[in-house]
Amino acid sequence: DEEQAAKGAAAAPGVFYMKQTIGNACGTIAVLHAIGNNPDTLKPAEGSFLQQFLGATAGMSPEAVGKFLEDPPPGAPDIEEAHKAASGALGKRAPYLATAGGGVGWDGVQGGTDTAH
């Protein structure tokens with residue numbers, strides 16, 4: 001009902017769900033949903049952004065989780081900082097994986113004989 005939606009009702013117990021409040025972040029939100037809903041299979045590394053974020057937002061409403069991701073409180077895990085750290089570790093391009101039969105490499109470029117990455 002609209003009143004419950006306005007209050008920001010929590011997701012069902014055991015289900016991680018968040019509202020997307022950041023534009024052009026649907027892939028990121030999908031990954032967070034996939035990891036958050038598969039804790040027995042996909043275990044974030046100890047102390048990682050994912051572990052901290054999922055722990056800090058457990059039990060929050062979907063709207064509150066979206067807001068937390070968009071504008072984390074001081075000292076909270078920050079996705080922008082995690083992104084900067086990850087992109088700096090990889091350099092300017094994602095690593096290239098030459099695949100048998102000319103498949104797609106990690107950076108989205110068609111594989112095959114192009115190994116100049």
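These are my notebook entries on a predicted model of one protein chain.

**Entry 1. Overall fold**

I started with the secondary structure. The protein chain has five helices and zero strands. Read in sequence order, the pattern is α-α-α-α-α. I then looked up burial: of the 117 residues in the protein chain, 21% are buried. For contacts with a separation of 6 or more, I noted that 37% join residues 24 or more positions apart.

**Entry 2. Helix H2**

I went to helix H2, which covers residues 26-36. Its buried residues are Ile29, Leu32, His33, Ile35 and Gly36. What do the buried residues of H2 pack against? I found helix H3 (49-57) and helix H4 (62-70) as their partners.

**Entry 3. Aromatic pairs**

I looked for ring pairs next, and the structure holds three aromatic pairs. I wrote down the geometry of two. For Phe16 and Phe53, the ring centres are 6.4 Å apart and the planes stand at 75°. The cut-off for edge-to-face is over 60 degrees, so the Phe16 and Phe53 pair is edge-to-face. This pair links distant parts of the chain. Phe16 sits in the loop between helix H1 (2-7) and H2, while Phe53 belongs to helix H3, and 37 residues separate them.

I checked the burial of both rings' residues. Phe16 has a relative accessible area of 11% and is buried. Phe53 comes out at 0% relative accessibility and is buried as well.

Phe53 also pairs with Phe68, with ring centres 5.9 Å apart and planes at 55°. That angle makes the Phe53 and Phe68 pair tilted. Here too the pair links distant parts of the chain, with Phe53 in helix H3 and Phe68 in helix H4, 15 residues apart. Phe68 is buried, at 10% relative accessibility.

Which residues form the aromatic cluster? I listed Phe16, Phe49, Phe53 and Phe68, which form one cluster.

**Entry 4. The second largest pocket**

I turned to the second largest pocket, whose volume is about 210 Å³. I read off its lining as Gly27, Thr28, Val31, Leu32, Ile35, Phe49, Leu50, Ile79, Ala82 and His83. Phe49, one of these lining residues, is also a member of the aromatic cluster.

H2, H3 and H5 each supply at least two. By class I recorded seven nonpolar residues, three polar and no charged ones.

**Entry 5. Salt bridges**

I then looked up charged pairs. Side chains of opposite charge can pair when their charged atoms come close. The count here comes to two salt bridges.

One joins the side chains of Asp71 and Lys67, at 4.0 Å from N to O. Asp71 is partly exposed, at 47% relative accessibility. Lys67 is partly exposed too, at 44%.

Another joins Glu81 and Lys84, with the closest N and O atoms 3.8 Å apart. I checked where these two residues sit. Both are in helix H5 (residues 79-90), three residues apart, so about one helical turn separates them. Glu81 has 48% relative accessibility and counts as partly exposed.

**Entry 6. Asn24**

I looked at backbone angles and noted Asn24. Its phi is near 55°, a positive value in a residue other than glycine. Asn24 is in the loop between H1 and H2. Is Asn24 buried or exposed? I have it as exposed, at 84% relative accessibility.

**Entry 7. Asn37**

My last entry is on Asn37, which lies in the loop between H2 and H3. It is partly exposed, with a relative accessible area of 30%. Leaving aside neighbours within four places in sequence, I found Asn37 in contact with Gly14, Val15 and Phe16. The C-alpha atoms of Asn37 and Gly14 are 7.7 Å apart, across 23 residues of sequence.

Definitions and conventions. Residues numbered from 1 in each chain as written. Predicted model: local features only at pLDDT ≥ 70, side-chain atom pairs only at ≥ 80, totals over all residues. Heavy atoms only, no water. Buried < 20%, exposed > 50% of the residue type's maximum accessible area, 1.4 Å probe, protein only. Helix = DSSP H or I, 4+ residues; strand = E, 2+ residues; numbered from the N terminus. Contact = heavy atoms within 4.5 Å. Phe/Tyr/Trp six-rings, centres within 6.5 Å; stacked < 30°, edge-to-face > 60°. 1 Å grid on protein atoms, 1.4 Å probe; cavity = no way out; pocket = protein on both sides within 12 Å on 5 of 7 lines; lining within 4 Å. Points joined across faces, edges and corners; volume = space filled by probe spheres on them. Nonpolar A, V, L, I, M, F, W, Y, C, P; charged D, E, K, R; others polar.
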